[in-house]
Amino acid sequence: MSTTRREFIRVMAAGSGALVLGVRFCRAGRFPTEDFRPNAWVRIEPDGTAVIQLGKTEMGQGVQTSLPMILAEELDADYTTVRVEQASPGPDFLELGTGGSTSVMTTWEPLRHAGAAARAMLVAAAAERWEVSPDSCRTSQGAVEHPSTGRRFGYGELVADAARQSVPESPPTEDRSRNTIVGTARKRRNAADIVRGRAIYGIDVRQPGMLYAVVARSPAFGGEVVSFDDTRAKQVRGVREVVRITRGVAVVAEHTAAAIKGRDALRIEWKDGPGASFDSDTHRVTLEQATETPGVTIRKDGEGRAAMKRAAQTLEAVYHYPFVAHASVEPVNCTVLVEDDRCEVWSPTQTPNTVQRVAMAVLQLPDTAVRVNVQLLGGGFGRRLNYDFDWEAIEVAKAMKGTPVQTVWTREDDLRFGHFQAASTHRLIAGLDTANRLVAFEHRKATTPHNIYRPPTPEQTADPDTVRGWAWGVYDSPYAFPAAEMTYAAVDAPTPIGPWRAVFSPSSVFARECFIDELAQTCDRDPVELRLDMLGANDASIPSTFEIGEDLVERQRMRRVVETVAREARWSDPAPAGRAKGFACNVFHTGTYVAYAVEVSLRQGQPLSKLPFTVHRVVCAVDCGLVINPAGVRQQVESGVIWALSNLKSEITFHAGRARQSNYSDFPVAVMDETPLEVETHIVGAEAAAPNGLGEPTVCPFTPAVVNALSRLAGKRIRSLPVRAADVSSR
Amino acid sequence: MSSTEIIVNGVHHLVDADDDTPLLWVIRDILGLTGTKYGCGEGSCGACTVLEADEPVRSCQTNLSEAAGLSYTTIEGFAEKPGADACQSAWVEEEVSQCGYCQAGFLLEVWALLGRKPEPTDDLVEKTLNDHICRCGTYPRIRRAIRRAASSRGGK
Ligand code: FES
Ligand code: FES
C-alpha cells in the first residue's frame, strides 16, 4: 500500500443546489498515485434522492443493485431512493470499464467512504442550523434527527448547506454488525422492466431517421477487399448505400433484414492474408510441441523441476482446451451519429473510454466532441471489452454523415469474426518417490496471449513478470509442493484472442484440477483429502498464505471452502448406482475461493449437439469475501455452472483461416434439459472486510469437477474439451 | 408496390417491405417495438418469440407474407393477456433475469405452455424450453418461476 494516503473524495460543483462528491475508485487497499481525478460522482439531490454516477456497465451481474446498497448503508438512506446513472466518458470520467469481476471490489471502499462523508456533512449542516453539537444528532433513513428535541430534517433540505462543509478526513463508517442493507438479499433493479420488454439494450437503440448496417468481412483472417460489385445489392428494396470500410464492405439499409439481404447480394473479391492457412488441428499439434520443453518460469517452489530427478516414477498428462466464443444472446452492435463537428455513440460496451478514443482518432475530433452513451448489455462476458464493433460502426457512420446508423453483427458474424478464448495445451508432470509421495511438480502451459489490442512483443513474452499475468490458474495454484515449476510458452495465432469470462483461468484450472484427480487415483488417495493435505490441513510447516506476483493466496480460506463442500455434499458417502462424484476447487486471482462437488451419470444416445451426461447434483461453496447481495452471489454461481456446461460441449475450430461454426446450431450452448435442477450454494467467509468479486470465479472449477466424475464413470481419463459421447463410452 | 397488413398488440399496421422480410425485423426496425429480440435468425434461440393468437412462434422464421392479416402479441402487449401477470410477477419474485435479453422469449413460451398445461411436469417444461437459449444461465430459476406462476394461476 502507498504510504501517503491520497485523497479520494472531494466536494464538486459547490453551489449547484445539490451535494456532489467526486469519488476516485481504485482497487481496495490501493490508492491512486496521481492527482485527484474523480471517476464517479455521488450526488444528493434537493429532493433527497441519491445518485451514483459512474462508468460500470450493467451486463447482468447486478452492479445497478449492489452499488446503491453500499452507498445507502453508509449514507443511512432509504435504499429505494438511491440509483445508479451510467456515466459517459469525458474529462471527468476517465478509466471507465467493466471487466475482471472487479466492479464491487474497486468501488466498495470509496463508495463507503463517500456515503459516510456525505452523512457526516449532512449531520454537520443540521447541527449548525440547530446550533447543537453534531454528536447529539443521529441519522435515520434519509433524515438527520435531534432526538432530545424531536427535530428533524430530510437530507434534501440540508444538501445546500452540507455542500459548504469540509469533507471529513476519515468519517466514521458503519459498524458492520449493524448493517441493515449490505449482506441482505435484494432484488435486481430492472427486473420489472425486463419482463415488460422495457429494458433497452444496445441493439434496441432507436434514433430518428436511423438506418441499419451489416458488414461483409474477409472470410479468412486478415484478408483484404480487392474489388466489389454492389449493383445487385443496391437493387434490394430498402438498401440505401454501400460503403467501403477498413474491415470490408458495409450495406446500409432501412432495416436490418434489407441490410442482410443486400450483403448477400454483394460480390466481393478478397485477397487472402497470412492468416488464411490457419488450421486449429495443426495449431493443436504446435501447442503440444511447445509444452515438450518448459517455457518461461512463472513460479518456482524449492528446487523447481530439478527435483524431478529424485522421482522414482513420474505421472505425465497432456490436456487440451479448445478455442471458444462468447455467444452472448445479444450480438455486438453499435449505433453512431456523425455530424460535422461532433459524434454520438450508443454502444453496449464494457470499455467506453476506448470507444471514445477510437471515435476521436477516426473522426479527428477532440474528446469534448465525442459523446459515448453506454447501453444495457445483453450479456458481456468480455466480448465487449473489445472495440472492433464500435470501430466499424464509427466508420460506417462517418460515410453516412448526418444519419444515425446502427451496425449490427448477425449471429454468424458474431461467432466467426469476434475474438476468441485462446486454445491451450497443458503438460502436467508429477514426480513421486517409492512411497508414492509427491517430490516434484510441473505445469507447462502453451497458448496465445491476447492480441486484439496490441500484440505482445518478444520482450514481453519472454518476461516472467509479464507472462505470469497471463497465466491465472497456473502460477497461483493454491497447493504446496515440495518442489514445483510452472512455465508459460506464448504461441502465435492469427485468430483474434481476447478476454472471455474468467479470461486465462478456465483452461488452466481444468487441466490442473483434473490432473490432481489423476494424481489422487495414482496414489490411491481420496481427491479431497489429497487436496486438503496439499493445502496444509495436516502439516503445520505449510504456510497458510503466500504471495505470488500481485496475488495473495490464502490456503486457509481455500481449505474452508473445500471442507464446506465436502461436508455439505456428503463427499465420503458413495455415489448412487450409475453415478460418480467429482470435485474441484480454485482461487481466482481476485481472491475469490470456489469449490464444487458434483454427481454425474452418463446419458446414452444423445445427438452430437447434446451433452452425453447429466449433472444431477451441484454443491458449491464460495468465499468471495464480504457479500453485498447474497441473492446476487447465488445467481452468479448458477450462471457460472451453466456457462461451464456450455464449455463442456462446444468449441470453435478453424480451417483455412475460417471458423467452421456459425450459429447456435453448430456452437450449441447448454439448454434447459442439460442443466441441473438446482444449484446448492454455500457462502462462507462473508464476514470479511472487503468484497472480492464474483462474475467470473464461479466458472473455473466447475468444468474439472464434472470431468473428474466423468473420468471415473468412463474408466479412463478425459483430457480434452469438449467432451463427446465417444470420450465417455467405456467400450 | 403493395403493402402488407399485420396486427401487433391490437394495432393495425401497413408494412412496405419485401414479402420474405422476417417478421422479427418488421417488428423491431419498422414498427419500432424492440422488446422482441434477435439472437440467431435461424430458429434455434427463441429470443424472437411472439404470440400469434395464443401460439408462440419464432418471428425470425416467419415471413411478412405469412404474417399478413394475422394478429401478434409481443412482450410489450403481453400484459393484456389473461394470466400474464402471474408469469411476470413470478419472474420478478424468483429473480430470474440476469442480463434479461432472452427473457421475453421464455415468458411468452411459458405463458402459452401454462395455458395448455396448467401444471406442466419437469419433463414437459424441458421439452418446451429446450430450444430457448439463455447464455446467462437462468434455467434453474425459470423452472422455479414456472412452478410459482402455475400455483398462483391456481390451475386456471
Ligand atoms: S432469433 Fe429467432 S430463434 Fe433465434
Ligand atoms: S438472462 Fe442473459 S441471456 Fe438470459
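**Exercise 1. Find which residues of α14(A) and α15(A) meet, then describe how the two helices pack.**

Step 1. A:Val528, A:Leu532 and A:Met534 of α14(A) meet A:Arg555, A:Arg559, A:Val562, A:Glu563 and A:Ala566 of α15(A). Contact means heavy atoms within 4.5 Å. Helices here are DSSP runs (H or I, at least four residues), strands are E runs of at least two, and both are numbered from the N terminus.

Step 2. Sort the residues by class. The contact has 5 nonpolar, no polar and 3 charged residues. Ala, Val, Leu, Ile, Met, Phe, Trp, Tyr, Cys and Pro count as nonpolar, Asp, Glu, Lys and Arg as charged, and the others, Gly among them, as polar.

Step 3. Take the axes. Those of α14 (residues 527-534) and α15 (residues 555-568) of chain A come within 10 Å and cross at roughly 165°. Therefore α14(A) is roughly antiparallel to α15(A). Axes are lines fitted to C-alpha atoms, for helices over the stretch in contact, with angles from 0 to 180 degrees between N-to-C directions. Angles over 145 degrees count as roughly antiparallel, under 35 as roughly parallel, 65 to 115 as roughly perpendicular and the rest as oblique.

A note on the source: this is a predicted model, where local features need pLDDT of at least 70, side-chain atom pairs count only at pLDDT 80 or more, and totals for chains, interfaces and linings use all residues. Residues are numbered from 1 along each chain as its sequence is written, chains are lettered from A and ligands numbered from 1 in the order written, and side-chain values use heavy atoms, without hydrogens and water.

**Exercise 2. Locate the backbone features of chain A.**

Step 1. Look for a cis bond. The peptide bond from A:Leu721 to A:Pro722 is cis, with omega near -10°. A:Pro722 sits in the loop between α17 (702-714) and α18 (725-728) of chain A.

Step 2. A:Asp76 has a phi of about 60°. A:Asp76 is in the loop between α1 (63-75) and β5 (82-86) of chain A. A:Arg570 has phi near 50°. Its loop runs between α15 and β25 (579-588) of chain A.

**Exercise 3. Describe the contact of chain A with chain B.**

Step 1. Count residues. Chain A gives 62 and chain B gives 54.

Step 2. Find the area. The chains bury about 4,900 Å² between them, 55% of it on carbon and sulfur atoms. Buried area is the accessible area (1.4 Å probe) that two parts lose on being put together, summed over both.

Step 3. A:Val195, A:Arg237 and A:Met672 supply 18% of the area that chain A buries against chain B, more than any other three residues.
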